[in-house]
Amino acid sequence: MKPAINDTIEADYIVVGSGASGATAALEFAENGFSTIVVEEGEWYRKENFTEDVYGAMKTLFRDFGSQMTRGRAVIPVLEGRCVGGSTVMNGAIVHRLPEAIYADWIDSDSALKSAVPYAELDLHFEAIEKELQIRRNLEPVLASLPATLALRRLGWSHQAMLRNAPGCESSGRCLQGCPSGGKWSMEATFLPRAMKSGARILSGHTAQEILFEKGKAQAVRCRQKSGEQRVIRGRRGIVLAGGVMQTPPLLWRSGLGLGDSNVGRHFQTHLGVSIVAEMEHPVVELEGPPQGIEVLAFHEDKIKLATQLIPPELLFARTSLWGDELITQLSRTEYFSSWTGSIQSEAKGRLTRNWMGKIGLEFTPTRNDMQRVRTSLWRLAELMFEMGAKRVFPGVNGSKDFPRELGSIDEAKKILALPLDPRLYFISVGHLFGTSRLGSNPNTSVVNTDFTVHGTKSLFVVDAGLFPTNLGVNPQHSVMALARHASRRIMHQ
């Protein structure tokens, strides 16, 4: 039996989720004088709790121990944060504004979005967030002098230092495990404490089970606490969903919305990630500077971005063919191993599903064009590694008995271009998620109306990355925050 709506705890706005969108929304509501409660399934970990231990990070910070997978032609990992601050806690703090060309595509498909989300207003939000989080290009002062930069110039590839919300970055290379210095300004260290100073409450360890309605108006959220006890939290002015692409649709389903043949959970899009590891003649920091520093934009028209990447040794060497005594030897030489990543703007669309037991799945298979870009990304990364003087390259390919596990020259690397386009042969990850709660004026093609209410409801809003009508093609955190800030201000005036 479902518990009746009660006033055990209440506020003007209940925000479900505490990542980039939820933290931004909570800050807006709180600093504008509205009482706010943030409901977060995960726990709150601060910089003193973060360690080098990847196992510990996976256990505490990631959903399902990082074991979420797609279902389709290949099994592809889907990493998602599950803690206060969401995925901002373990991402690389890389910032990009929403490309105007992508925005233009939205307007072409739904002209109502032009007045609902004016780009000029988003621009103002971008500027404000950049100031508040002190977003800057950490690597820029030394970029021109780096050997990696010289190699990129020889290849004629346009590149730049990354914009990051990490003004105090100490180059520890531990973004994935949570920043130990606090130099990365993720949400648990910035917007959420600010919101709390204005009266917001953060309820960690609370899993939103269902939205409760009265006459079509969202009234409260029924939550399960860590103890297993139920709690009903009332929102006087509204319930604001910021659970993200993977979690907002299931909450809508559990609340009796979007069941059957609807848009809820559909239109999933993503960036595909591939990586290459190379053993270099010199320490990587001498070649590339601090981690998460350089991005290559030369292949933007091909929907490919290349970038430096620093990952923990456990994951770094898992992407090589090293084992036994050689692996033990190389574990003491990790500073000589360079890892770069390719991010592909996938054209494939997937959908969330749920079985009769309510378990959520993700159906997704890259298209042939996607796989051609995956293959091209690996070739370009190998080309760059050898230009930088790599001794050998581990190409991120598995399952092809005719393809070498490591490459010793640029001529060998050309074999990448002849690889089959079967996604099962490659180490691919899914990151930067979009869609599933699509924004639009037509309820037949979208989930959320242009006033940010879920179609057919009252006082139930969505402000997360599920709103995006298309794949952004860039790191989404900045766009997520700007859109959430814009949406929150619209919501407050309803």
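How many disulfides does the structure hold? It holds zero, where a disulfide is a pair of cysteine sulfur atoms within 2.5 Å. The close-ups below come from a predicted model, in which local features need pLDDT of at least 70, side-chain atom pairs count only at pLDDT 80 or more, and totals for chains, interfaces and linings use all residues. Residues are numbered from 1 along each chain as its sequence is written, and side-chain values use heavy atoms, with hydrogens and water left out.

View 1. Let's start with Cys-169, which is in no disulfide. Its nearest cysteine sulfur belongs to Cys-175 and sits 6.3 Å away. Cys-169 has 29% relative accessibility, so it counts as partly exposed (buried means under 20% relative accessible area, exposed over 50%, and partly exposed in between, using a 1.4 Å probe and protein chains only). Now look at Cys-179: the closest cysteine sulfur is again in Cys-175, but at 6.7 Å that is too far for a bond. Cys-179 counts as buried because its relative accessibility is 11%.

**View 2. Helix H5 meets helix H15.** H5 covers residues 119–132 and H15 covers residues 477–492; helices (H or I, at least four residues) and strands (E, at least two) are DSSP runs, numbered from the N terminus. The two axes are 9 Å apart and the packing angle is about 115°. (Axes are lines fitted to C-alpha atoms, for helices over the stretch in contact, and angles run from 0 to 180 degrees between N-to-C directions.) That angle makes H5 roughly perpendicular to H15, going by these classes: under 35 degrees is roughly parallel, over 145 roughly antiparallel, 65 to 115 roughly perpendicular, and the rest oblique. Residues that meet here include Leu-122, Phe-126 and Ile-129 in H5, and Met-481, Leu-483 and Arg-489 in H15. Sorted by class, this contact has seven nonpolar, four polar and six charged residues. (Ala, Val, Leu, Ile, Met, Phe, Trp, Tyr, Cys and Pro count as nonpolar, Asp, Glu, Lys and Arg as charged, and the others, Gly among them, as polar.)

**View 3. Helix H7 crosses helix H13.** Here the axes of H7 (residues 147–155) and H13 (residues 368–387) come within 9 Å and cross at roughly 120°. H7 and H13 are therefore oblique to each other. On the H7 side, the contact is made by Ala-151, Leu-152, Arg-154 and Leu-155; H13 brings Glu-383, Leu-384 and Glu-387. That gives four nonpolar, no polar and three charged residues.

**View 4. Met-196 and its neighbours.** Met-196 lies in helix H8, residues 191–197. Leaving aside residues up to four places away in sequence, Met-196 touches Trp-44 and Ile-202 (contact means heavy atoms within 4.5 Å). Ala-30 is 166 residues away along the chain, yet its C-alpha atom and that of Met-196 are separated by 7.8 Å. With 37% relative accessibility, Met-196 counts as partly exposed.

**View 5. Two residues with a positive phi.** Most residues other than glycine have a negative phi. Gln-134 isn't a glycine, but its phi is positive, at about 50°. You'll find Gln-134 in the loop between H5 and helix H6 (140–143), partly exposed with a relative accessible area of 34%. Phe-452 also has a positive phi, near 75°. Look for Phe-452 in the loop between strand E15 (429–434) and strand E16 (460–462). Is Phe-452 buried or exposed? At 0% relative accessibility, Phe-452 counts as buried.
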